[in-house]
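Reader: Could we go through this structure together? I would like to begin with the strands.

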Amino acid sequence: MKDYSIKPFKQGNEKAVHQLVKAVYDEFVRHENTEEGNLLFYDWIMPQKIAARQKQQNNLWLAWSSNKIIGMIEIRDNQNITLLFIDKNYQKRGIARNLFQTALNEYKKREFNLDKFYVHASLSSVPVYKSLGFYVVSKARKENGIYYVPMETDIL
């Protein structure tokens with residue numbers, strides 16, 4: 001039985017989203033990147049920047065359990081996952097899969113010819129993305145102090 005629900009982002013959620021993303025990033029990803037990369041990432045997830053991106057187009061979905069955000073996914077350009085984070089106490093329960101499927105279903109409505117989804121996966125998240133059907137398209141790269149693995153999945 002699912003003990004959470006998935007809802008679109010609403011203005012006012014940005015601080016809680018920031019707290020979730022920062023906590024998970026600091027525990028699981030921060031060590032992979034340089035200090036320059038970490039500062040760049042922290043800037044990207046500032047609450048006011050999250051809110052500003054959502055004013056342009058709602059492209060962020062949240063997993064909620066007992067009035068607490070336990071997961072989130074943000075999409076850019078209708079086909080690029082920019083953020084996918086799950087609270088460490090809720091990982092391995094299918095929440096990432098459900099968030100991705102929710103976003104994918106929404107984008108299929110928006111983009112009739114959607115055939116691929118892309119992600120620059122952190123080194124530690126590659127297995128998660130593989131479990132979602134993504135495959136590695138080239139070796140790991142470093143850009144602005146952030147290490148990532150380019151991945152994609154075919155949309156049927």
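Reader: How many bridges join β5 to strand β8?
Author: Strands β5 (residues 116-121) and β8 (residues 146-154) run antiparallel, and 6 bridges join them. Strands here are DSSP runs (E, at least two residues), as helices are (H or I, at least four), numbered from the N terminus; two strands pair if DSSP finds at least two bridges between them.
Author: This is a predicted model, in which local features need pLDDT of at least 70 and side-chain atom pairs count only at pLDDT 80 or more, while totals for chains, interfaces and linings use all residues. Residues are numbered from 1 along each chain as its sequence is written, and side-chain values use heavy atoms, leaving out hydrogens and water.

Reader: Which residue in β8 is the bridge partner of Y118?
Author: The partner of Y118 is E152. E152 also forms a salt bridge with K116, with the closest N and O atoms 3.2 Å apart. A salt bridge is a side-chain nitrogen of Lys or Arg within 4 Å of a carboxyl oxygen of Asp or Glu.

Reader: Are K116 and E152 buried or exposed?
Author: Both are buried (under 20% relative accessible area; exposed is over 50%, partly exposed in between, with a 1.4 Å probe and protein chains only).

Reader: Now to the helix α1: which residues are buried there?
Author: They are E14, V17, H18, L20, V21, V24 and Y25. Seen down the axis of α1, they fall within an arc of 165 degrees, so they line one face of the helix; the arc is taken from the directions from the helix axis to the C-beta atoms.

Reader: What does the other face carry?
Author: The face turned away from the buried side of α1 carries the exposed residues K15 and Q19.
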